[in-house]
Amino acid sequence: EGFLGTVAQTGKPIISHDVSKDERYFAARELTKSEMLCPIISNEHVIGVFDLESDSLDAYSEDDLEVMQLLTSQVAIIIEKVRLHDEVVEKKRIQAQLEIARSVQLELLPENDPVVPNFDISAYVFPTEEVSGDYYDWVKVFDDQVGIVVADAVGKGIPAALLMSFLRACLRSCVQIGYAPHIAFAKVSNLLRDSIEDNQFITAIYGLLDSTNRTFVFSNAGHNPPLLIQPDGEYRFVEYGDMPLGMFDDIHYHQHFIRFVPGMVMVIYTDGITEAANPNGEEYGNERFAARVLDCIDMPAKKMIDHIRKGVADFTERKFLDDDGTLFIVKAE
């Protein structure tokens, strides 16, 4: 209200030679007789008002207003520089935290690919420029059994990475106890439900690869269906699955069974791969993904990952994906 409110709202200066004759005046100071106000404008927005008050009538002229306008323009520049400096400092602080979080997260990923008789296995996370919400892991259960996990937390950045850390700790505990995949998922989902917000959840696949029986027994918590390729090149997406982890209370999960024969390939992945989009907004998609895998099916698993990654990068014409992407390839020999 008053002169200050008027200048702040309109962005226009005011010279009042006699405040008692101006209905806009708000009597905040009894001795004031005349007043001059000028907006402080930065990036076309009023960020403040300079106000001069005098005990004398007709104290300010147009020349005085020109001087004040020069002053306010300099003040606006100074304020903007301070604001930008604060933004740079804050950005550097956040970036330092992200780098620490990224380093910690990379430490949680396996250092090497698992060595499993009768199988060639390799996995990798292709991150965005932020901390990843994707996660994969493998744990040796017995001499001939390896637990395999691929997961994707909703969102990205530090909140998603924290969810992944929570999942890793919970699942590894379940592995140590010896829970079957569907039991492990039920317990982890309940723990997540008690610990996270309603709009947070994790999709994941967890299974046990048995090198002696050449089998993979797994549960799917709302995750992308694994791609399964037969030795003759015929492929399908294994569509079995249940609800994501942490979405609802007391969810029951099912187990599914895959028997490998020599030459079979299974690819577990996250939607950052199949939903990667080119400049026209077209997604990479399941069929293009499957075709790219078939194109390198005779390569070792690690080279297959490089080949698939290059295909996605060429399609999107970008170095980084919009969302984290993970590949976990299991080849039966």
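A: Let us begin with a term: contact means heavy atoms within 4.5 Å. Please keep in mind that this is a predicted model. Leaving aside neighbours within four places in sequence, Ile202 is in contact with Ala151, Asp152, Ala153, Leu163, Met164, Leu167, Leu192, Ala221, Pro244 and Leu245.

Q: Which residues touch the most other members of the largest nonpolar core?

A: The general idea is that in soluble globular proteins, nonpolar side chains tend to be buried together. Here the largest nonpolar core has 51 residues, and Ile202, Leu245 and Phe260 touch the most other members. Helix H3 (residues 158-177) supplies the largest share of this core, eight residues. Apart from it lies another core, of 23 residues, which includes Tyr269, Met304, Ile305 and Leu327.

Q: How many residues of strand E7 are buried?

A: To call a residue buried, one needs a relative accessible area under 20%. In strand E7 (residues 202-210), nine of the nine residues are buried, so this strand is largely enclosed by the rest of the structure. Ile202, Ala204, Tyr206, Leu208 and Asp210 point one way from E7, while Thr203, Ile205, Gly207 and Leu209 point the other way, and all are buried.

Q: Which strands are joined to E7 by bridges?

A: Strand E6 (residues 145-153) runs antiparallel to E7, and nine bridges join them. Within this pair, Val150 has Ile205 of E7 as its bridge partner. Strand E8 (residues 215-221) is also antiparallel to E7, joined to it by seven bridges. There, Tyr206 stands opposite Ser219 in E8. The hairpin of E7 and E8 has four residues between the strands, and Arg214 takes a positive phi near 55° in it.

Q: In what order do the five strands of the open sheet stand?

A: The order is E4-E13-E12-E9-E10, and the pairing is antiparallel. Strand E4 (119-126) and E10 stand at the edges; each has a single partner strand, so one side of each is left without a neighbour in the sheet. On average, neighbouring strands of this sheet are turned by 15° against each other, direction ignored. As an example of pairing, strand E12 (residues 265-269) and strand E13 (residues 325-332) are antiparallel and joined by five bridges. Val265 stands opposite Lys331 in E13.

Q: Which helices pack on this sheet?

A: Helix H6 (residues 286-295) packs on the sheet and touches strand E9 (227-229), E10, E12 and E13. The direction of H6 makes about 140° with that of E10. Helix H7 (residues 301-316) packs on the sheet too, touching E4, E12 and E13. The direction of H7 makes about 35° with that of E4.

Q: At what angle do the axes of H3 and H4 cross?

A: For a pair of helices, one considers the approach of the axes, the angle and the handedness. The axes of H3 and H4 come within 10 Å and cross at roughly 140°. The crossing of H3 past H4 is right-handed. On the H3 side, the contact is made by Leu163, Phe166, Leu167, Cys170, Leu171 and Cys174. On the H4 side, the residues are Ala184, Phe185, Val188, Leu191, Leu192 and Ser195.

Q: How many salt bridges does the structure hold?

A: The general idea is that side chains of opposite charge can pair when their charged atoms come close. This structure holds 11 salt bridges. One of them joins Asp249 and Arg193, whose closest N and O atoms are 3.3 Å apart. This pair links distant parts of the chain, 56 residues apart: Asp249 lies in the loop between strand E10 (235-237) and strand E11 (256-259), and Arg193 lies in helix H4 (residues 181-195).

Q: Is Asp249 buried or exposed?

A: Asp249 is exposed, with a relative accessible area of 51%, whereas Arg193 counts as partly exposed at 23%. In another salt bridge, Arg288 pairs with Glu282, the closest N and O atoms being 3.1 Å apart. Arg288 is partly exposed at 32% relative accessible area, and Glu282 is partly exposed at 39%. Asp143 and Lys140 also form a salt bridge, with 3.8 Å between the closest N and O atoms; both Asp143 and Lys140 are exposed. Finally, salt bridges link Glu80, Arg83 and Glu87 in a network.

Methods: Residues are numbered from 1 along each chain as its sequence is written. This is a predicted model: local features need pLDDT of at least 70, side-chain atom pairs count only at pLDDT 80 or more; totals for chains, interfaces and linings use all residues. Side-chain values use heavy atoms; hydrogens and water are left out. A salt bridge is a side-chain nitrogen of Lys or Arg within 4 Å of a carboxyl oxygen of Asp or Glu. Buried means under 20% relative accessible area, exposed over 50%, partly exposed in between (1.4 Å probe, protein chains only). Helices (H or I, at least four residues) and strands (E, at least two) are DSSP runs, numbered from the N terminus. Two strands pair if DSSP finds at least two bridges between them. Axes are lines fitted to C-alpha atoms, for helices over the stretch in contact, and angles run from 0 to 180 degrees between N-to-C directions. A nonpolar core is a set of buried Ala, Val, Leu, Ile, Met, Phe, Trp, Tyr and Cys residues joined through side-chain atoms within 4.5 Å. A crossing is left-handed if the near helix is turned anticlockwise from the far one by less than a right angle, and right-handed if clockwise.
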